[in-house]
Amino acid sequence: MASARIQRRIVGALLLRELLTRFGRHNIGFLWLFAEPMLFTLGVLGIWTLYHTNRTPFPLTAFCLSGYATVLLWRNTIGRCGNAVEPNRALMHHRNVKVIDLFLARIVLEISGASVSFVVLLVIFMLMGAIAPPDDVIKMIVAWGMLAWFSASMALIVGPLATLSEPFERFWHVFAYLFLPASGAFFAVAMLSPHLQSIALWVPTVSCAELLREGLFGPSIGARYDLYYVAVVNLALMIPGLLLTRHIQVTVEGE
Amino acid sequence: MISLRNVSKYYRVRGGTHAVFEDISLDIQRGEKVGILGRNGAGKSTLIRLISGSESPSRGSIERTMSVSWPLALTSAFQGSLTGVDNIHFIARVYGVDAGEIIPYVQSFSELGYYLDEPVKSYSSGMRARLAFALSMAVEFECFLIDEVISVGDARFHDRCAHELFERRGDRAMVIVSHEPHFIQKHCDRVCVLVDGRLVKFDNADLALAFYEESIRLARTDAA
């Protein structure tokens, strides 16, 4: 298909263009990709060690690192699509550059960035002996993939809405912060009361985080997740996301 | 060939829709040079964007069987925080050409020197226009779209642009839109006038010109 080949070329061109402004030529931005989750993990580790208050049944380093990795994945992928159109508006004078390509380039870039960061830090901590080797890597990859799919679908909803309305973009940032405690990054479902457990599983990111931890720590942790539910939610988000993106294509024209 | 069939374009405005133009049909043959005259706000740039394909028509269809440029000398087709060279790389990738091959040409033609390594947003409008023109000459197209008279840089650069476009690429199709008749009269085989949302076609450039000037005169008396 010629159009698929063109689109791949365009997304590739945009990807390299985004790399330059995201990470710059001085590599500070690139380092920050690793520094941020690392500092977070070390910081929490420091505080909790100081107060001897590990309330989780898990090794703390692995728990913090994997939890924060899931946050970075959805927060960056969704958030960076909120401002994908405006700085690239001029590039749409070129016929083949479409709004969906702007979103795709940022989605691919952020998912790749979060993945590389997680893998590299995991390996570093493992080599240092601070994290035990994972129990089941396949489960971790599935969990990560499902969360990436969720993030991409959400990005295609938040991106167009934020382009249409600036207040929405601000609102989204606040919502993302408020959502943080509910996201499943910093609690395990098994730690909750039975009543809260069933509520928590309505949140798709919780299932992903649970499966990720099961892959990391093994089945003995009693993780709870529902992948079919996550898949249905992802699909249900992706369809309106694609429709909104098509709607945006028409409205961003004519400036 | 580029073929516009019953093309209309509407924009949403406060309290309804505004028709920029309605039911326009136009064929542009290979190698043909078509001029489109229109006053400010007549919808010339919108028409050029529709022909280039960066915008879609509200109604009607546009078919392209030759490669069409983006609007030439358009200084806003760049990403401002990237350098000139980064923008060259981007456009090379978008149009599937080898950046290594076109960079020397853009360098020598734009005469931007080391400014090519600076962000485009730091360029003056003249520098931007020079980069834009050089870049659109570096990628080969079968049809060039030219929005307004090329008023790039000084007289010498202007002459070099005209040479590149009308002599070295004299065999290509071109669509030139302008509010200024002389440039169009000099370079076009066929002239159309965009007035009141309609495209009026003429085989004879002098007739087109007379019609255009009459439409301006009428608009003035209306206003007075």
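1. How many residues of strand E5 (residues 143-147) of chain B are buried? Of its 5 residues, 5 are buried, where buried means under 20% relative accessible area with a 1.4 Å probe and protein chains only; strands are DSSP runs of E with at least two residues, and helices are runs of H or I with at least four, numbered from the N terminus.

2. This is a predicted model, in which local features need pLDDT of at least 70 and side-chain atom pairs count only at pLDDT 80 or more, while totals for chains, interfaces and linings use all residues. Residues are numbered from 1 along each chain as its sequence is written, chains are lettered from A in the order in which they are written, and side-chain values use heavy atoms, with hydrogens and water left out.

3. In a regular strand the side chains alternate between the two faces of the sheet. In E5(B), B:Cys143, B:Leu145 and B:Asp147 point one way, and B:Phe144 and B:Ile146 point the other way.

4. E5(B) runs parallel to strand E6 (residues 173-178) of chain B, to which 5 bridges join it; pairing requires at least two DSSP bridges. The bridge partner of B:Leu145 in E6(B) is B:Val175, and the C-alpha atoms of these two residues are 4.9 Å apart in space although 30 residues separate them in sequence.

5. B:Leu145 counts as buried because its relative accessibility is 0%. Leaving aside residues up to four places away in sequence, B:Leu145 touches several residues, including B:Ile48, B:Trp70 and B:Leu72, with contact taken as heavy atoms within 4.5 Å.

Note on methods:
Buried < 20%, exposed > 50% of the residue type's maximum accessible area, 1.4 Å probe, protein only.
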